[in-house]
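Subject: Structure handover

Hello,

Here is the structure I promised to pass on. Please open it beside this note. My findings follow below.

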Amino acid sequence: MASPSKIPQSVNALPQRAQSLSNALGQKLWNAVGTLVQPPGPQQWDATNTLASRARVIAVSAQKGGVGKTTTAVHLAAGLAERHGLHVLLIDLDAQGHVASSLRAHLRTGTDTYVSQALLAHDPDLASAVVATTLPRLHITLADKQLSSTEAQLATRMGRDLILARALRTVRARFDVIVMDCPPNLGLLTLNALFAADHLLVPCDLSVLALEGVDDLMRTLQTLQWTLGKCPQVLGLLHTRVDRRNHKQNAAMRRAIGQSYQGLSLQTEIGINTALPGAQLQGKVVFESQPESSGARDYAALCDEVRGRLD
Ligand SMILES: Nc1ncnc2c1ncn2[C@@H]1O[C@H](COP(=O)(O)OP(=O)(O)OP(=O)(O)O)[C@@H](O)[C@H]1O
Ligand SMILES: [Mg+2]
């Protein structure tokens, strides 16, 4: 795969295009966002010893609940593994444990270790928590209810923002892509994920509240860059749960998103489709449960687009 410093032309061009915008967010935030989508400069230091790593790490994060983060993380990971032949690790960072329930029909036993235990270890290493699935080339790590208290325990540790990055160092060598499903808040686990990630994918339904959540997330990236000297490149905003019958409202929201984050939305949109909650009910990915559905088509298109952007 291409070097992490290569980013798509359209994203590179963002800071220039942003200059012309006079939108609600204002020039200040845009300037900040512009710097976030630039290729990172040479790393001064590496707290995680991951310079020799292979995997590209993608955080799937949004500050609004229920926008399709888990559905997106699961299908992106499964699609990149199945359709693109990549070795993928899907990490569940949400104490709700929805990754495991979404994939329960594809799970194999193999470990009793949860993410919380791996993170709390003296030398944190997620390798002990990796579980195989019956889907080709897809492995996952399981979250448990303890993850919330883990967050509180980690908060007292030195280098608390860097723990996940350190815990990824050995698994990075084993996988091509690591996808992280983040919780719907800006807690310590999300900050760890953002610091550990090379790329950020932001699911955003076509609502004003979701757009406000995107603003918060962009500000957090800016803070990460200032405080820790590193933040992920924005791979794109993914419009999710789009009701394709609502032409007028969708057009208005696309315009609003475009005004604030021109060029950042992915081409692929995920429409509302009952096959997706249906697949979750069966504990399967939609590619297996209803491969002909629009949900399967949309997520296949997302995988193709993300693969293109990564390359
Ligand atoms: N495109 C879609 N069409 C229909 N239903 C969807 C779609 N995407 C997700 N859903 C359903 O919406 C619900 C929430 O989705 P999901 O769990 O992926 O959101 P989330 O952002 O991870 O939520 P949380 O913030 O609680 O972690 C689930 O029941 C899921 O099956
Ligand atoms: Mg979720």
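Two strands count as paired if DSSP finds at least two bridges between them. By that rule, strand E3 (residues 130–132) pairs with E4 in the antiparallel sense, over 3 bridges. Please keep in mind that this is a predicted model.

**Overall**

The protein has 15 helices and 8 strands. Of its 311 residues, 46% count as buried. Take the contacts between residues at least 6 apart in sequence: 78% of them join residues at least 24 apart.

E4 covers residues 138–141. Leu-138 and Ile-140 point one way from the strand, while His-139 and Thr-141 point the other way. All four are buried.

E4 has a parallel partner in strand E2 (residues 88–92), joined to it by 4 bridges. On that side, Val-88 stands opposite Leu-138.

**Arg-137**

E3 and E4 form a hairpin with 5 residues between the strands. Arg-137 is in that loop. Its phi is positive, about 65°, although it is not a glycine. Most residues other than glycine have a negative phi.

Is Arg-137 buried or exposed? It is buried, because 20 other C-beta atoms lie within 10 Å and the cut-off for burial is 20 or more.

What is Arg-137 in contact with, leaving aside its neighbours within four places in sequence? The answer is Ala-81, Gly-85, Leu-86, His-87 and Val-88. Val-88 is also the residue opposite Leu-138 in E4. Leu-80 is 57 residues from Arg-137 along the chain, yet their C-alpha atoms are separated by 9.1 Å.

**Arg-241**

Arg-241 also has a positive phi, about 50°, and is not a glycine. Arg-241 lies in strand E7 (residues 233–242). Arg-241 counts as buried because it has 20 C-beta neighbours inside 10 Å.

**Helix H11**

H11 runs over residues 208–228, 21 residues in total. From first C-alpha to last it reaches 30 Å, close to the 30 Å expected at 1.5 Å a residue.

Which residues of H11 are buried? They are Ala-210, Leu-211, Gly-213, Val-214, Leu-217, Met-218 and Leu-221. Seen down the axis of H11, these fall within an arc of 150°, so they line one face of the helix. An α-helix has 3.6 residues a turn, so residues three or four places apart point the same way.

The face of H11 turned away from the buried side carries exposed residues: Val-208, Leu-209, Glu-212, Asp-216, Trp-226 and Thr-227. After H11 comes Gly-229, with a positive phi near 75°.

**Ligand 1**

How many residues surround ligand 1? There are 18, and the closest are Gly-65, Thr-70, Thr-71, Pro-184 and Pro-277. By class, the shell has 6 nonpolar, 9 polar and 3 charged residues. Helix H4 (69–82), E7 and helix H13 (275–282) each supply at least two residues of the shell. E7 is the strand that holds Arg-241.

**Where to look**

Start at Arg-137, in the loop between E3 and E4. Then go to E7, for Arg-241 and for its share of the shell around ligand 1. Finish with the buried face of H11.

Best wishes

Methods: Residues are numbered from 1 along each chain as its sequence is written. Chains are lettered from A and ligands numbered from 1 in the order in which they are written. This is a predicted model: local features need pLDDT of at least 70, side-chain atom pairs count only at pLDDT 80 or more; totals for chains, interfaces and linings use all residues. A residue is buried if 20 or more other C-beta atoms lie within 10 Å of its own, exposed if 12 or fewer, and partly exposed in between; C-beta atoms are placed from the backbone. A residue is near a molecule or strand if its C-beta atom, placed from the backbone, lies within 6 Å of it. Ala, Val, Leu, Ile, Met, Phe, Trp, Tyr, Cys and Pro count as nonpolar, Asp, Glu, Lys and Arg as charged, and the others, Gly among them, as polar. Two residues are in contact if their C-beta atoms, placed from the backbone, lie within 7 Å. The expected span of a helix is 1.5 Å times one less than its number of residues. The arc is that of the directions from the helix axis to the C-beta atoms.
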